[in-house]
Amino acid sequence: MLTGKMNAAIMDEQLSISVKQIDIPVPKDNEALIKVYCIGICGSDVHYYEHGRIGRYVVKEPIILGHELAGEVVEVGKQVSNIAVGDRVAVEPGVTCGQCDYCKSGRYNLCPDVVFLATPPVNGAWAEYIVMPSDYLFKLPDSMSYEEGAMLEPLSVGFHAMMRGKVQPFDRVLITGLGPIGLLAGQAAKLFGVSEIYGTDVVPFRRQLAMEMGFTAALDPVKENVGQRLNELTNGFGVTLVVESSGNARAMADTIKWVRRGGRIVFVGLPADSAIPMDMGQFIDGEIDAYGVFRYANTYPAAIQALQHSSLDIEKIVTHRFALTDTQEALEVARKEKDTSIKVMIYPNMP
């Protein structure tokens with residue numbers, strides 16, 4: 001049994017991270033101890049760091065953030081049989097009850113009793129080691145990097161969005177907002193066989209990266225008439241599926257204008273205000289289907305299988321890398337340098 005102390009980056013108050021020594025956790029019979037290789041910074045981590053809360057989730061005491069991770073199994077409980085010491089694994093960060101109607105019907109992401117890493121008061125993974133029930137650990141193929149394993153979490157959001165939107169290879173897809181979720185939603189669309197993918201974002205760097213990652217076109221919604229440009233680019237056909245990942249109120253309202261009649265809209269981004277005015281006449285007249293997305297469910301095995309047999313390079317979105325001891329600097333980059341940063345990655349064992 002591994003005992004002793006480990007480093008952990010702890011948010012002790014808003015805009016303050018301290019790296020401290022805490023006890024290495026001990027796995028229970030159904031758990032495994034994971035040596036964390038890398039952890040991505042999510043927008044929710046930045047929001048907790050900056051504001052101390054997201055909706056009803058409030059940081060009331062020091063907390064370890066971080067939930068996008070991959071690592072190596074170094075110890076297993078006596079009831080664990082699906083993984084072994086030495087396995088490289090991705091971690092699904094939400095542990096559900098397994099008993100409620102949502103869990104039993106397969107929609108466990110809606111479980112009211114989910115324990116999700118880095119959601120107050122639950123600690124996350126900005127540490128050298130973490131324990132997780134083995135059911136939430138997924139072996140990585142030898143061809144898949146730890147970075148790809150960590151990004152299976154945000155990729156899963158895009159993967160789930162595609163399943164919610166009933167995407168088909170012949171769909172023409174528009175993704176609004178080209179941050180990590182939007183860019184990875186584009187890659188998820190590719191994994192589902194879609195070849196015509198458009199994006200919108202106000203940041204030039206993000207539009208450029210989208211094009212490097214195989215988007216058909218990336219538009220500036222401030223300087224261009226998006227509806228008109230989509231009409232031109234699709235020879236008058238339009239887009240059949242819109243995935244809204246920006247959370248921008250105007251973009252959310254405009255999805256109804258941009259989607260083809262009979263098309264679908266998937267809302268992923270959370271707006272600052274819960275009430276968004278929309279043209280419901282056009283929505284009804286166009287017989288448009290709309291779906292919400294809350295995290296994901298049943299995505300990790302499918303995403304791993306699809307990704308390992310593809311030629312996609314999702315590591316392109318990793319723009320910055322920091323040691324665990326520099327977590328506060330990493331957060332400041334993610335918070336202040338949105339024009340040049342996409343995914344900021346933290347490495348607990350980086351020298």
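Helices, which are runs of at least four residues in DSSP state H or I, and strands, which are runs of at least two residues in state E, are numbered from the N terminus. In the views below, Asn 235, for instance, belongs to the loop between helix H7 (226–233) and S15. The model shown is predicted.

**View 1. The open sheet S14-S13-S12-S15-S16-S17.** This sheet is built from 6 strands in the order S14-S13-S12-S15-S16-S17, with parallel pairing. At the edges stand strand S14 (217–219) and strand S17 (289–292); each has a single partner strand, so one side of each has no neighbour in the sheet. From one strand to the next, the twist averages 20°. Strand S15 (residues 239–244) pairs with S12 in the parallel sense, over 4 bridges. On S15, Val 242 is the bridge partner of Leu 174. In general, the strands of a sheet are paired by hydrogen bonds of the backbone, in a parallel or an antiparallel sense.

**View 2. The salt bridge between Arg 264 and Asp 171.** The closest N and O atoms of Arg 264 and Asp 171 are 2.8 Å apart, and the two residues form a salt bridge. Arg 264 is located in strand S16 (residues 259–267), while Asp 171 is in the loop between helix H4 (152–164) and strand S12 (172–176), so the pair ties together parts 93 residues apart in sequence. Arg 264 has a relative accessibility of 12% and counts as buried. Asp 171 is also buried, its relative accessible area being 3%. Both calls rest on the cut-off for buried residues, under 20% relative accessible area.

View 3. Arg 250 and Asp 254 form a salt bridge, with 3.0 Å between the closest N and O atoms. Both residues lie in helix H8 (residues 249–258), where a spacing of 4 residues puts them about one turn of the helix apart. What are the relative accessibilities of the two partners, Asp 254 and Arg 250? Asp 254, at 8%, counts as buried, whereas Arg 250, at 60%, counts as exposed.

View 4. Glu 224 and Arg 229 form a salt bridge in which the closest N and O atoms are 3.2 Å apart. Glu 224 is partly exposed, with 26% relative accessible area. Arg 229 is partly exposed, likewise with a value of 26%. Elsewhere, a network of salt bridges links Glu 50, Glu 332, Arg 335 and Lys 336. Over the whole structure, the search for salt bridges finds 15.

**View 5. The second largest pocket.** The volume of the second largest pocket is about 360 Å³. Its lining consists of 22 residues, and those nearest the centre of the pocket are Leu 117, Asn 123, Gly 124, Ile 130 and Val 131. Strand S1 (5–13) and strand S10 (129–133) are the elements that give two or more residues to this lining. Which element supplies the largest share of the lining of the second largest pocket? S10 does, with 5 residues. By class, the residues of this lining are 19 nonpolar, 2 polar and 1 charged.

**View 6. The largest cavity.** In the whole structure, 1 cavity of 30 Å³ or more is found. The space in the largest cavity is about 60 Å³. Its lining is formed by Glu 92, Gly 94, Thr 96, Tyr 108, Asn 109, Val 114, Phe 116, Arg 295 and Tyr 296. These lining residues divide into 4 nonpolar, 3 polar and 2 charged.

**View 7. The cis peptide bond from Pro 120 to Pro 121****.** Omega for this bond is near 10°. Pro 121 is part of the loop between strand S9 (115–116) and S10.

**View 8. Positive phi at Leu 15** **and Asn 235****.** Leu 15 is not a glycine, yet its phi is positive, at about 60°. Leu 15 sits in the loop between S1 and strand S2 (16–23) and, at 36% relative accessibility, counts as partly exposed. Asn 235, another residue other than glycine, has a positive phi near 55°. The loop that holds Asn 235 runs between helix H7 and S15. Is Asn 235 buried or exposed? Asn 235 is exposed, with 75% relative accessible area.

Technical notes
Residues are numbered from 1 along each chain as its sequence is written. This is a predicted model: local features need pLDDT of at least 70, side-chain atom pairs count only at pLDDT 80 or more; totals for chains, interfaces and linings use all residues. Side-chain values use heavy atoms; hydrogens and water are left out. On a 1 Å grid over the protein atoms alone, a cavity is a set of points where a 1.4 Å probe fits but cannot get out, and a pocket is an open set with protein on both sides within 12 Å along at least five of seven lines; lining residues have an atom within 4 Å of a point. Grid points are joined across faces, edges and corners, and a volume is the space filled by probe spheres set on the points. Ala, Val, Leu, Ile, Met, Phe, Trp, Tyr, Cys and Pro count as nonpolar, Asp, Glu, Lys and Arg as charged, and the others, Gly among them, as polar. A salt bridge is a side-chain nitrogen of Lys or Arg within 4 Å of a carboxyl oxygen of Asp or Glu. Buried means under 20% relative accessible area, exposed over 50%, partly exposed in between (1.4 Å probe, protein chains only). Two strands pair if DSSP finds at least two bridges between them. Axes are lines fitted to C-alpha atoms, for helices over the stretch in contact, and angles run from 0 to 180 degrees between N-to-C directions.
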